[in-house]
Amino acid sequence: MTEDSKKLEDVLFLKRKKVWDYIAEEEKEKAFMIAEEYKKFLDEGKTERESAKFIVNYAINKGFNNIDEVKKGNKFYKIFQNKAVAMVIMGKRPLTQNLKIIASHIDSPRLDLKQNPLYEEEDLVFFKTHYYGGIKKYHWVSIPLALHGRIILKNGRELDFAVGEKEEEPVFTVTDLLPHLSRKAQYDKKIEDAIIGEKLNILIGSLPSSEKNAKDSIKLHTMKILNELYGIIEEDFISAELEIVPAFKSRDIGWDRSLIGGYGQDDRACAFAAYKATGDLRNEKGNNIISLFLDKEEIGSEGNTGAQSKFIDALIIDLLEIQGTGTKQGDITKALLNARAVSADVTGALDPDWAEVYEKRNAAKLGYGVSISKFTGHRGKAGSSDAHAEFIGYIRKLFNQNNIIWQACELGKVDEGGGGTVAKFFASYGMDIVDCGISIAGVHSPYEVSHKGDIYMAYKAYLSFLEQE
């Protein structure tokens, strides 16, 4: 190759950039420091309630006020049903003309307890579960599990607890079948049928009650423990939200500590980058800004805390009232129609051991910066918002001007499957929106893997998006 042709290729060809090759040592150190903050969030926010509480505390420490209590100033937060949160910065221009939105989600695949979960069988006591979101069921057997959640007791008292996170606490598990007996029961079946949902039962005890001739003696002993520790009776499980999550903490992966392994990185990786960027924002351009942290994305953004709810509409009414411009339906519609938004969600990173399901030219790679997905959906782009070329051009220019390492990607080969995000629900308001997030290896597994350079670039990307007009 001649020198002239090399120069020409440098100008004309698209070249993917590795984060570590393009940032100075000082920035690299900052990326590693930010990763420590991120791991703390992962460990303390394993459920959507815990994540929402963590984000609210962060917002308060950054000077944000509860918009339902204080309507003075320009920095607010709003929490709804303890599961959906918004961080808001009020700008100088009317909301109907200027609004930037980042939307992420804070729920993750898991096992939920059924309403009547507790039973005894063969001198063992178990919890029955119903899995939440898209899981591979075999991931959830033979690993240590923790129980997090909220119970509303018979007397109306709210009880929040997490058991299985501290070294001195017990953990729980789903037992698996030994290989010696698995040929017909598991090996001869499709992988999705080898572990069925009704067998994802949590082993929680085996000690019988001291009461003589008690029916279901081990169950009785378990209930006595729960009653003594928490005041729980069995009926209280009906008014409970109890989630089973992995008991292990997030850790650095590799001798070089460049990767992070942990539960719930879909989508708490993007939620972290978004709340940190919002808290650190100088907002010198005076933009109106909303960062949303939503629930129920993993089951289609349903319910009153998901992206399909009226949470964003109610928030816009609050903000219009603060600006004193009225809350007519036309103003609400106009504010959302004219908004620019980022759907901050993860995508699957190329795994060399499973390269056959990825289209390598368009697959996201760990360590190559924040990922821009023009569309999501599956097969023929079904269930996707498919961002317009003009908005992609705006994002691309913005990132290039701010030295942000980014990559364009899609999830898997065309006929292999796909996935969706909250983007399509916000696009229905008419706003421009694109998926822009972090690539993750092992998405939806109990132990996902992220790259510290990508987390840092997502933080910088969201910061630049919120800052620029």
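# Briefing: strands, sheets and helix packing

Leucine 203 in β9 is the bridge partner of phenylalanine 126. This is a predicted model, where local features need pLDDT of at least 70 and side-chain atom pairs count only at pLDDT 80 or more, while totals for chains, interfaces and linings use all residues. Residues are numbered from 1 along each chain as its sequence is written, and side-chain values use heavy atoms, with hydrogens and water left out. The element names come from DSSP runs, numbered from the N terminus (helices: H or I, at least four residues; strands: E, at least two).

**β5, β6 and β9**

- Strand β6 (residues 124–132) runs antiparallel to strand β9 (residues 202–205), with 3 bridges joining the two; strands pair if DSSP finds at least two bridges between them.
- β6 is also joined to strand β5 (residues 110–121), again in antiparallel fashion, this time by 8 bridges.
- Phenylalanine 126 turns up here too, as the bridge partner in β6 of tyrosine 119.
- What do β5 and β6 form together? They make a hairpin, and 2 residues sit between the strands.
- Glutamate 122 belongs to the loop between β5 and β6. Its phi is near 55°, which is a positive value in a residue other than glycine.

**The sheet of 9 strands**

- This open sheet has mixed pairing, and its strands come in the order β1-β2-β3-β13-β4-β14-β20-β16-β18.
- Moving along to β2, you'll find 6 bridges between it and strand β3 (residues 84–89), and the two run antiparallel.
- Within that pairing, lysine 75 has isoleucine 89 of β3 standing opposite.
- Helix α8 (residues 265–280) packs on this sheet and touches β3, β4 (100–105), β13 (289–294) and β20 (432–437). Its direction makes about 145° with that of β4. Contact here means heavy atoms within 4.5 Å.
- Helix α9 (residues 311–323) packs on the sheet as well, touching β2, β3 and β13, and its direction makes about 150° with that of β13.
- For angles and axes, lines are fitted to C-alpha atoms (for helices, over the stretch in contact), and angles run from 0 to 180 degrees between N-to-C directions.

**The sheet of 3 strands**

- Here the pairing is antiparallel, and the order in this open sheet is β11-β12-β22.
- Which strands are at the edges? β11 (251–253) and β22 (448–451) are, each pairing on one side only.
- On average, neighbouring strands of this sheet are turned by 35° against each other, with direction ignored.
- Strand β12 (residues 259–262) is joined to β11 by 3 bridges, and the two run antiparallel. Among the residues involved, isoleucine 253 has leucine 259 of β12 as its bridge partner.
- α3 lies across β11, β12 and β22, and runs at about 5° to β12.
- α8 shows up again at this sheet: it lies across β12 and β22 and runs at about 30° to β22.

- Aspartate 266 and aspartate 267 are joined by a cis peptide bond, with omega at about 10°.
- Aspartate 267 is found in helix α8.

**α3 against α13**

- The axes of α3 and helix α13 (residues 452–467) cross at roughly 90° and come within 9 Å.
- These two helices are therefore roughly perpendicular to each other (under 35 degrees counts as roughly parallel, over 145 as roughly antiparallel, 65 to 115 as roughly perpendicular, the rest as oblique).
- From α3, the residues Glu27, Lys30, Ala31, Phe32, Ile34, Ala35, Glu36 and Tyr38 meet Lys452, Ile455, Tyr456, Tyr459 and Lys460 of α13.
- By class, this contact has 8 nonpolar residues, no polar ones and 5 charged (Ala, Val, Leu, Ile, Met, Phe, Trp, Tyr, Cys and Pro count as nonpolar, Asp, Glu, Lys and Arg as charged, and the others, Gly among them, as polar).

**α3 against α4**

- How do α3 and α4 pack? Their axes are 8 Å apart, at an angle of about 135°.
- α3 and α4 are therefore oblique to each other.
- On the α3 side, Lys40, Phe41 and Glu44 meet Glu50, Ser51, Phe54 and Ile55 in α4.
- The contact of α3 with α4 divides into 3 nonpolar, 1 polar and 3 charged residues.
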